[in-house]
Amino acid sequence: MPDRDDRYWLMQAIDLSRSCPPSATAFCVGAVIVSREGQVMATGYSRETDPHDHAEEIALTKVATNDPRLREATIYTSLEPCSKRASRPRTCTELILAAGIPRVVLAWREPSIFVDCEGVELLTAANLEVIELPDLADEVREVNANLLG
């Protein structure tokens, strides 16, 4: 169930997605990792440092893998975390699971333009709390309008 801060932090992730360099072959995504105490641990956006960067991946690289706060954190991502990927060995879904983050909040499930994404299903199957705020999906679609024809 969403809490009162989820909408705020998810909007921060959507705003970050507007920083992505444009691409004809990848979505613009923003991600924010927030501690249980409501402090930003890290942020990331697609193509932040490399053309193959994914938002969640970049945010996770900015936090020590043994940081105990990850076990109670929430990752906010404008788009469903990827579950299939050709450019890197691990998907964002795998990276979130490996980090031990128990809660994921997203605005829009990835449309099947490039792959058939199963991030929400895989995260839910691993007993993570997954919350969608679909009323914010229009904002994410707007950022990615170039891919939607």
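Figure 1. The mean positions of the 15 positive and 24 negative charges of the protein chain lie 3 Å apart. Lys and Arg count as positive and Asp and Glu as negative, while His and the chain ends are not counted; each charge is placed at NZ of Lys, CZ of Arg, CG of Asp or CD of Glu. The chain has 5 helices and 5 strands, in the sequence order α-β-β-α-β-α-β-α-β-α. Helices (H or I, at least four residues) and strands (E, at least two) are DSSP runs numbered from the N terminus. This is a predicted model, in which local features need pLDDT of at least 70, side-chain atom pairs count only at pLDDT 80 or more, and totals for chains, interfaces and linings use all residues. Residues are numbered from 1 along each chain as its sequence is written, and side-chain values use heavy atoms, without hydrogens and water.

**Figure 2. The loop around T91.** T91 sits in the loop between β3 (74-79) and α3 (92-99). Its relative accessibility is 8%, so T91 counts as buried (under 20% relative accessible area; exposed is over 50%, partly exposed in between; 1.4 Å probe, protein chains only). Leaving aside residues up to four places away in sequence, T91 touches C82, S83, K84 and R85 (heavy atoms within 4.5 Å).

Figure 3. For C28, the nearest cysteine sulfur is that of C20, 4.3 Å away; C28 is buried, at 7% relative accessible area. The closest cysteine sulfur to that of C82 belongs to C92, and the 3.8 Å between them is too far for a bond. C82 is buried as well, at 6% relative accessibility.

Definitions and conventions. A disulfide is a pair of cysteine sulfur atoms within 2.5 Å.
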